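Here is a briefing on one protein model. Look over the sequence and the fold, then read the points below.

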Amino acid sequence: MAQEREMPVRGEIVLATVTKVMDHGAYVSLDEYGDMPGFLHISELAPGWIRSVSKFVRVGEKKVLLVKRVNEERADIDLSLKQVSNDQRKKKLLEVKRYEKGMTLLKSVKERASLSDDEAGALEDSLYTKGDSIYDVFMEVARNGTAALDSLKLGKGVLDAITESCAKIRLPSVEIRGILKIRVPTPDGVDTIIKALQGATKKGSMASITYLGAPKYRITVSAPDFKSAERELKPILAAIQSKIGKKGTYEFAREESKKVREE
């Protein structure tokens with residue numbers, strides 16, 4: 001008896017590759033369903049009248065689509081491009097990107113630990129018990145070490161391979177910055193400023209201070225999130241201002257904050 005293929009469900013957001021473009025629409029293959037074929041009718045490309053299908057889709061192009069209808073008996077799948085919102089498209093592409101990253105890291109573990117295909121498959125299944133995606137699990141290991149995997153009873157060789165592979169991950173972070181203007185018009189003014197700046201950041205701090213040219217200095221704080229960054233910045237600024245005191249003037253102007261993506 002032929003094994004039934006898993007099929008998408010109505011309303012699901014899927015990633016597909018365009019395989020053929022015709023006057024009345026385009027045929028695609030569903031990336032996450034073993035390249036199962038689907039059809040994107042011209043009326044589902046975009047709102048309004050459409051003169052040319054090729055203006056919206058090209059052979060080989062990947063598209064995020066919504067499943068409109070599924071006929072399991074005939075294995076017919078009708079899809080829509082116009083009904084996919086920007087948020088849905090971005091969420092799907094991020095999901096796919098994270099899945100691919102997880103598989104790349106798993107492959108690295110397999111090679112480093114010399115695992116067979118069956119052993120790698122068993123490892124993948126066990127990792128899914130610790131999170132919604134393999135990449136999420138590896139992110140947790142990158143942050144906090146392999147303690148999160150203790151219940152899986154993995155061998156030392158596999159744990160070492162996971163640790164080495166996770167070392168490649170650049171953890172997501174945020175960065176807040178600002179410009180300090182410090183003037184101390186006394187004979188020991190330069191020494192006062194240097195001591196104030198050096199004493200403000202402690203060993204292991206997430207902050208750095210860069211000289212931009214008198215009287216400007218840039219302070220940069222990197223942290224896992226904006227709340228942590230603000231918590232780090234506040235005492236640093238207070239310490240600098242306290243050291244400068246009444247000897248000079250102190251100003252701080254924020255620059256644009258930014259998020260640093262994971263890799």
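**Overview**

The protein contains 6 helices and 10 strands (DSSP runs numbered from the N terminus: helices are H or I with at least four residues, strands are E with at least two). Its radius of gyration is 27 Å, well over the 18 Å that the globule rule gives for 263 residues, so the protein is more spread out than a compact globule. That radius is taken over C-alpha atoms, and the rule is 2.2 Å times the number of residues to the power 0.38. This is a predicted model: local features need pLDDT of at least 70, side-chain atom pairs count only at pLDDT 80 or more, and totals for chains, interfaces and linings use all residues. Residues are numbered from 1 along each chain as its sequence is written, and side-chain values use heavy atoms, with hydrogens and water left out.

**Shape and surface**

- The C-alpha trace spans about 90 × 55 × 25 Å along its principal axes.
- Of the 263 residues, 37% count as buried (buried is under 20% relative accessible area, exposed over 50%, partly exposed in between; 1.4 Å probe, protein chains only).
- Among contacts with a separation of 6 or more, 64% join residues 24 or more positions apart (contact means heavy atoms within 4.5 Å).

**Charge**

- There are 46 positive and 39 negative side chains (Lys and Arg count as positive, Asp and Glu as negative; His and the chain ends are not counted).
- The centres of the two sets lie 10 Å apart, with each charge placed at NZ of Lys, CZ of Arg, CG of Asp or CD of Glu.

**Salt bridges**

- The structure holds 14 salt bridges (a side-chain nitrogen of Lys or Arg within 4 Å of a carboxyl oxygen of Asp or Glu).
- One of them joins K92 and E32, with the closest N and O atoms 2.7 Å apart. K92 lies in helix α1 (residues 86–113) and E32 in the loop between β2 (25–30) and β3 (36–41), so the pair ties together parts that are 60 residues apart in sequence.
- K92 is buried, at 6% relative accessibility. E32 is partly exposed, at 37%.
- A salt-bridge network links E32, K92 and E95.
- R218 pairs with E255 at 2.8 Å, N to O. R218 sits in strand β8 (residues 216–223), and E255 in the loop between β9 (249–254) and β10 (258–260), 37 residues apart. E255 is partly exposed, at 24% relative accessibility.
- E230 and R254 form a salt bridge, also with 2.8 Å from N to O. This pair links helix α6 (residues 226–244), which holds E230, to strand β9, which holds R254, across 24 residues.
- E230 is partly exposed, with a relative accessible area of 33%. R254 is partly exposed too, at 49%.

**Helix α3**

- The buried residues of α3 (residues 134–144) are I134, Y135, V137, F138, M139 and V141.
- Their cover includes α1, α2 (117–127) and α4 (156–166).
- Just after α3, G145 takes a positive phi of about 85°.

**T192 in helix α5**

- T192 lies in helix α5 (residues 189–200).
- T192 counts as buried, at 9% relative accessibility.
- Leaving out residues up to four places away in sequence, T192 touches V184, K243, I244 and K247.
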